[in-house]
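Q: Please take a close look at one part of this model and relate it to its surroundings. I would like one connected account, with the criteria behind each term.

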Amino acid sequence: MSTLLLNADMQPVSLLPLSVVDWQEAIRYLVLDKIEVVEWHDDWIVHSANWETRVPAIIMLKDYQKPKHTMRMSKRNVFLRDQYTCQYCGTTVTDQTATLDHVLPVSKGGKTTWENSTTACKPCNYRKAAHVGKFKPKLTPYKPHFWDLVEKRKKRGFHYQHSSWANYLE
Ligand SMILES: [Zn+2]
């Protein structure tokens, strides 16, 4: 993903997940005259037989889009709510090492809801599935408030594709 998409008020269109598009989409927006380019990538040029263009690093919608202040119940958002901490042993996890654990297992009728989903490291998830030991998450799972989750997302930091993104994400 190459390009940060800002709303007409210069705020990201979305933070959960972050509104970023790939260069093809950024150029499509440009051709359709829906955006203004705020920043360009320094040395990134794409071309076809007939044209060439630099790739925008940040684009801004010309028409204000009403932001959606809602979040999906997703694995990543559960990890974010739990601040990437295994709720059974307290170890720090990443998107690669975390698993979404159903507190009440699916096999016993547990649903994939905010209230039944927690963050577990792989060893804990495995031990829990094998019924070894007692398992109760440190934090009772809950549906977070949108802005709390946004704060946690900002605290984790974003992976900038261009240094100028910092001006809009900090
Ligand atoms: Zn664990």
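**A close reading**

A: Ser163 is found in the loop between α4 (146-156) and α5 (166-169); helices (H or I, at least four residues) and strands (E, at least two) are DSSP runs, numbered from the N terminus. The model is a predicted one, in which local features need pLDDT of at least 70 and side-chain atom pairs count only at pLDDT 80 or more, while totals for chains, interfaces and linings use all residues. Residues are numbered from 1 along each chain as its sequence is written, and side-chain values use heavy atoms, with hydrogens and water left out.

Ser163 counts as exposed because its relative accessibility is 61% (buried means under 20% relative accessible area, exposed over 50%, partly exposed in between, with a 1.4 Å probe and protein chains only). In sequence Ser163 is 16 residues from Trp147, and in space the two are 25 Å apart, C-alpha to C-alpha.

The account now turns to the metal site. The zinc ion is coordinated at 2.3 Å by the SG atoms of Cys86, Cys89, Cys121 and Cys124; donors are N, O and S atoms within 2.8 Å of the metal (3.2 Å for Na, K and Ca), and since water is not among the atoms, sites may look incomplete. The angles among the 4 donor atoms run from 103 to 114 degrees, and the site is tetrahedral (four donors count as tetrahedral if all angles lie between 85 and 135 degrees). In general, the ideal angle for four tetrahedral donors is 109.5 degrees. Along the sequence, the donor residues follow the spacing C-x2-C-x31-C-x2-C. Two of them, Cys86 in the loop between α2 (75-81) and β5 (98-102) and Cys121 in strand β6 (residues 117-121), link distant parts of the chain, being 35 residues apart. Both Cys86 and Cys121 are buried.

Strand β5 also contains Asp101. Asp101 is buried because its relative accessible area is 4%. The side chains of Asp101 and Tyr88 are joined by a polar contact of 2.5 Å (a pair of N or O atoms within 3.5 Å; within protein, one must be able to donate a hydrogen and the other to accept it, and residues adjacent in sequence count only if both atoms are side-chain atoms). Apart from neighbours within four places in sequence, Asp101 is in contact (heavy atoms within 4.5 Å) with Tyr88, Asn116, Ser117, Thr118, Ala120, Asn125 and Lys128.

Asn116, one of these partners of Asp101, lies in the loop between β5 and β6. With a relative accessibility of 11%, Asn116 counts as buried. Its side chain reaches the backbone oxygen of Lys111 at 2.9 Å. When residues up to four places away in sequence are not counted, Asn116 touches residues including His102, Val103, Leu104, Gly110 and Pro141.

Tyr84 counts as buried because its relative accessibility is 4%. Tyr84 has a positive phi of about 50 degrees although it is not a glycine. Most residues other than glycine have a negative phi.

The structure holds 3 aromatic pairs; rings of Phe, Tyr and Trp (its six-membered ring) pair if their centres lie within 6.5 Å, with planes under 30 degrees apart counting as stacked, over 60 as edge-to-face and the rest as tilted. In one of them, the ring centres of Phe79 and Tyr84 are 5.8 Å apart and the planes are at 65 degrees, so the pair is edge-to-face. Phe79 is buried, with a relative accessible area of 1%. Phe146 and Trp147 form another edge-to-face pair, 4.8 Å centre to centre with 80 degrees between the planes. Phe146 is buried as well, its relative accessible area being 12%.

Charged groups also meet aromatic rings. The charged end of Arg156 sits over the ring of Tyr84, 3.6 Å from its centre; the criterion is NZ of Lys or CZ of Arg within 6 Å of the ring centre and within 35 degrees of the ring normal. Arg81 lies over the face of Tyr142, at 5.4 Å from the ring centre.

Definitions and conventions:
Tetrahedral: all angles 85-135°; square planar, octahedral: opposite > 155°, others 65-115°.
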